[in-house]
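Open your viewer and get ready to select residues by number. We will go stop by stop, and at each one you will hear what to pick and what is there.

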Amino acid sequence: MPGAIYAEGLVKTFGDVRALDGVDLDVPEGTVLGLLGPNGAGKTTAVRVLTTLLRPDRGTAVVAGIDVLARPDEVRRSIGLSGQFAAVDEYLTGRENLRMVGRLYQMSGKAAKLRAGELLERFGLADAADRPAKTYSGGMRRRLDLAAALVVSPPVMFMDEPTTGLDPRNRQALWEVIKELVAGGTTLLLTTQYLEEADHLAHDICVVDHGRVIARGTSDQLKAQTGGERVEVVVHTPGMIADARSVLARHGLAGLGHGEVSVEEHVRKLTVPVSGGARLLAEVIRELDAVGVEIDDIGLRRPTLDDVFLSLTGHTAEQREENGGENGEGTAERPGRAGQDGRDGQGRRDGPDGPDGRGQGRTKETAK
């Protein structure tokens with residue numbers, strides 16, 4: 001039986017660019033799926049299809065048991081969405097923004113007021129509650145936008161890179177809010193570029209690149225594909241790099257397809273995927289000492305996002321962005337700057353939700 005979020009064979013093109021190329025997803029009820037990928041991989045396009053803001057060229061999508069293409073209005077009544085960009089009314093105060101969303105969700109005036117107060121406290125915005133949103137910092141607007149997505153706790157939530165722009169304290173606070181939602185039965189699809197975020201929140205992870213799902217599994221399973229650990233060594237002088245490389249190559253996993261020793265010569269740092277933990281680290285230290293390599297620093301760490309991406313895609317998360325990898329008419333991830341000005345690549349509003357790309361709670365249709 002399909003999960004609370006289900007997609008099969010989703011295809012979406014923008015001109016010559018295939019933003020989604022046969023994406024399959026299945027998210028069981030009450031769990032979190034982390035959709036992990038570099039800029040331009042297709043994460044946001046997938047979210048926009050699943051939340052009825054884009055119509056796929058091919059494929060099937062079902063959310064909360066409702067066909068996304070056949071009954072989009074019903075889907076919007078069952079979901080919440082926080083997009084990549086804060087979609088708040090700059091001329092309303094923080095409190096007024098949240099009360100407005102509550103009223104659009106057909107809450108009573110009293111209930112909307114109480115809920116707004118709760119969320120302003122939870123997201124650390126109580127002191128700025130009665131200031132216009134245009135006076136907020138970028139991080140504050142992001143928190144207000146996330147609070148608006150949670151005015152009503154829908155059975156299915158979509159969060160598109162929700163912690164971008166948040167400081168560590170507010171990021172941790174949002175993680176706690178998400179955990180509470182999921183513990184209460186909410187199903188969540190979360191897009192992120194941060195493996196750490198997926199580590200904390202996701203039951204399962206799909207890695208997407210070039211519009212395709214290229215890997216699935218838990219965080220630990222994905223890390224294991226790249227070599228579960230890394231030895232990092234900083235040598236004392238550049239002349240010692242060659243000897244250190246030889247030692248690390250003997251203990252690395254290059255022969256298993258996990259990459260060779262990488263060298264950052266300007267900082268004299270060498271990194272290699274390994275298996276063996278602390279025991280292996282002690283062995284590497286002994287061998288480096290035996291060949292006369294002086295060590296300024298050495299350590300064992302888990303793979304990073306770039307380690308996973310380099311193993312799975314052959315490039316880092318940042319390279320696609322630097323090379324203009326965001327696709328579509330303008331971009332595939334943000335077609336025609338949707339979310340910033342509420343219009344698609346042809347200057348049209350990007351769906352019945354207008355400029356904020358949120359779920360049912362921000363539509364005129366729902367407020368009737």
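Start by selecting Glu-8 and Thr-60: Glu-8 stands opposite Thr-60, which is in S4. Now widen the selection to strand S1 (residues 5–14) and strand S4 (residues 58–63), which pair in the antiparallel sense over five bridges. Strands here are DSSP runs of E with at least two residues, helices are runs of H or I with at least four, and both are numbered from the N terminus. Two strands count as paired if DSSP finds at least two bridges between them.

A word on what you are viewing: this is a predicted model, in which local features need pLDDT of at least 70 and side-chain atom pairs count only at pLDDT 80 or more, while totals for chains, interfaces and linings use all residues. Residues are numbered from 1 along each chain as its sequence is written, and side-chain values use heavy atoms, with hydrogens and water left out.

Next, show the whole sheet around S1 and S4. This open sheet has four strands in the order S2-S1-S4-S5, with antiparallel pairing. S2 and strand S5 (66–67) stand at the edges with a single partner strand each, so one side of each has no neighbour in the sheet.

The model has two cavities of 30 Å³ or more. A cavity is a set of points, on a 1 Å grid over the protein atoms alone, where a 1.4 Å probe fits but cannot get out; its lining residues have an atom within 4 Å of a point. Grid points are joined across faces, edges and corners, and the volume is the space filled by probe spheres set on the points. The second largest cavity holds about 40 Å³. To find it, select its lining: Leu-20, Val-23, Leu-35, Ala-41, Gly-42, Lys-43, Ala-46, Val-208, Gly-211 and Arg-212. Strand S2 (17–27) and helix H1 (43–50) are the elements that give two or more residues to this lining.

Now move to strand S13 (residues 269–274). Is S13 mostly covered or uncovered? Five of its six residues are buried, meaning under 20% relative accessible area, with exposed being over 50% and partly exposed in between (1.4 Å probe, protein chains only). Strand S11 (residues 229–235) pairs with S13 in the antiparallel sense over six bridges, and Glu-232 has Thr-271 as its bridge partner. Click on Thr-271: at 7% relative accessibility, this residue counts as buried. Beyond its neighbours within four places in sequence, Thr-271 is in contact (heavy atoms within 4.5 Å) with residues including Val-231, Glu-232, Ser-262 and Arg-301.

Glu-264 has its bridge partner, Lys-269, in S13. S12 and S13 form a hairpin with four residues between them, and Arg-268 in the turn has a positive phi of about 60°.

For a last stop, select Tyr-91, in the loop between strand S6 (79–82) and helix H3 (94–104). At 63% relative accessibility, Tyr-91 counts as exposed. Then pick Pro-132: Tyr-91 and Pro-132 are 41 residues apart in sequence, yet 5.5 Å apart in space, C-alpha to C-alpha.

Terms used: 1 Å grid on protein atoms, 1.4 Å probe; cavity = no way out; pocket = protein on both sides within 12 Å on 5 of 7 lines; lining within 4 Å.
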